[in-house]
Amino acid sequence: MKKLALHWKIIIGMVLGIIFGFLMNSVDGGRGFVTDWIAPFGTIFINLLKLIAVPLILASLIKGISDLKDISKIKSMGLRTIGIYIGTTVVAIVIGLSIVNIIKPGEGMPQETIENIKTTYQGNADIMIGKAKVTKEAGPLQALVDIFPSNIFKSFSEPAMLQVIFFALFVGICLLLIPEKKAKPLVDFFDSLNEVVMKMVDLIMLFAPYAVFALMANVIIAFDDTTILVKLLGYAACVVFGLFLMICFYLLLIKVVTKKSPLWFLKEFSPAQLLAFSTSSSAATLPVTMERVEEHLGVDKEVSGFVLPVGATVNMDGTSLYQGIAAVFIMQVIWPEGLTFTNQLVIVGTALLASIGSAAVPSAGMVMLVIVLEAIGFPPELLPIGLALIFAVDRPLDMCRTVVNVTGDATVSMIVAKSLGKLHDNPKPKEWDDNYDKVK
């Protein structure tokens with residue numbers, strides 16, 4: 001009997017988790033049971049993925065840079081990567097703004113619904129505004145300063161991904177600048193570390209279907225006001241439709257630029273997409289993204305080790321699309337006079353910059369949305385109401401936009417690999433038990 005593919009196992013776990021969550025919502029004490037006895041398994045799974053994220057970035061990036069043998073190739077790869085990431089982000093924002101201006105989901109929302117939402121989510125909105133204030137009050141070059149660590153071990157523990165990436169690039173370049181004989185022991189160490197961490201990914205993914213079940217059940221029990229969710233269905237539909245169009249755009253790029261089948265791409269990469277949907281975190285999904293891109297999509301480690309960690313930090317296409325739609329939706333509801341062409345151009349620029357600085361963690365897009373709204377002169381007294389308007393559906397939309405974020409990372413890695421002749425036609429995936437017979 002043929003073994004069931006991993007993505008089907010994850011889908012089954014996801015569906016069962018949703019059903020279980022709804023059942024527990026209707027049972028006395030069900031929510032407490034899920035919170036106490038089911039949700040922790042999802043947390044353990046995410047913690048395991050975060051555990052290996054930093055060593056994976058270090059090992060793959062240092063090894064990849066040292067294997068280039070030519071510093072000029074780093075510049076070439078870096079410029080292509082950043083250029084393509086910026087291009088796809090602009091496309092995402094334009095798609096989002098086009099949809100929300102055509103459909104206009106914010107027009108005609110009853111005042112009673114607005115007041116109910118404000119009452120329910122005012123506290124959450126205030127928290128996000130506070131976080132955004134801290135971010136905004138930093139100096140104009142603070143984002144640049146934050147790239148350079150003063151204590152790399154602190155960067156490992158937080159983790160501060162841009163600082164980890166900088167350190168790995170710094171080490172990799174220095175390995176190129178010293179004699180090959182002296183660099184070889186350290187290069188071999190990171191090569192071995194990379195193999196070990198990738199094997200960890202294989203083992204952790206054996207637990208993925210059960211973890212996804214726990215994560216989805218926990219998400220479902222968090223929704224306690226379905227009336228408000230229904231009222232916001234139009235806005236949510238706009239975001240989901242925009243994210244769907246963005247996925248189609250990626251598939252078109254894969255077909256045209258890399259000459260690969262979009263269906264093949266979806267089949268091979270779907271476990272990472274499903275995991276991104278369940279965790280709402282590009283950073284937590286990064287180890288699985290790298291494993292699928294390298295072993296299943298055929299991207300050389302030299303490319304994936306650089307493009308994917310950078311993408312998990314600076315490439316937030318789904319988040320940027322969402323920020324465009326959310327900003328205009330909020331204005332349609334409570335500040336229609338602000339819907340000028342100039343303000344929408346400001347949204348494009350601010351959302352682009354905000355996506356680069358957005359953390360790869362759940363709900364980070366909500367914090368950056370505050371900065372986008374403030375950039376267009378949104379009335380401060382209306383800001384808590386605006387955020388409260390979209391809080392009810394933020395979690396499921398966060399899950400959807402994370403799928404787009406990681407799909408964009410994988411797409412760009414394939415495009416960069418193709419341009420450098422580093423995209424292999426017949427990748428050979430590794431299994432967790434490849435060497436098991438020799439050691440059992």
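Which residues does F378 touch, not counting residues up to four places away in sequence? Contact here means heavy atoms within 4.5 Å, and F378 touches I330, M331, I334, W335, L373 and L383. The model is predicted, so that local features need pLDDT of at least 70 and side-chain atom pairs count only at pLDDT 80 or more, while totals for chains, interfaces and linings use all residues. Residues are numbered from 1 along each chain as its sequence is written, and side-chain values use heavy atoms, with hydrogens and water left out.

The predictor's confidence in each residue, pLDDT, runs from 0 to 100; its mean for the protein chain is 85, and 88% of the residues reach 70 or more. Where pLDDT is low, the predicted coordinates should not be read in detail.

F378 also belongs to the residues with the most contacts inside the largest nonpolar core, together with Y235, F329, L369 and I390, and this core has 122 residues. Such a core is a set of buried Ala, Val, Leu, Ile, Met, Phe, Trp, Tyr and Cys residues joined through side-chain atoms within 4.5 Å, where buried means under 20% relative accessible area, exposed over 50% and partly exposed in between (1.4 Å probe, protein chains only). Helix 2 (residues 30-68) gives the most to this core, with 13 residues.

P336 counts as partly exposed because its relative accessibility is 48%.

Methods:
Helix = DSSP H or I, 4+ residues; strand = E, 2+ residues; numbered from the N terminus.
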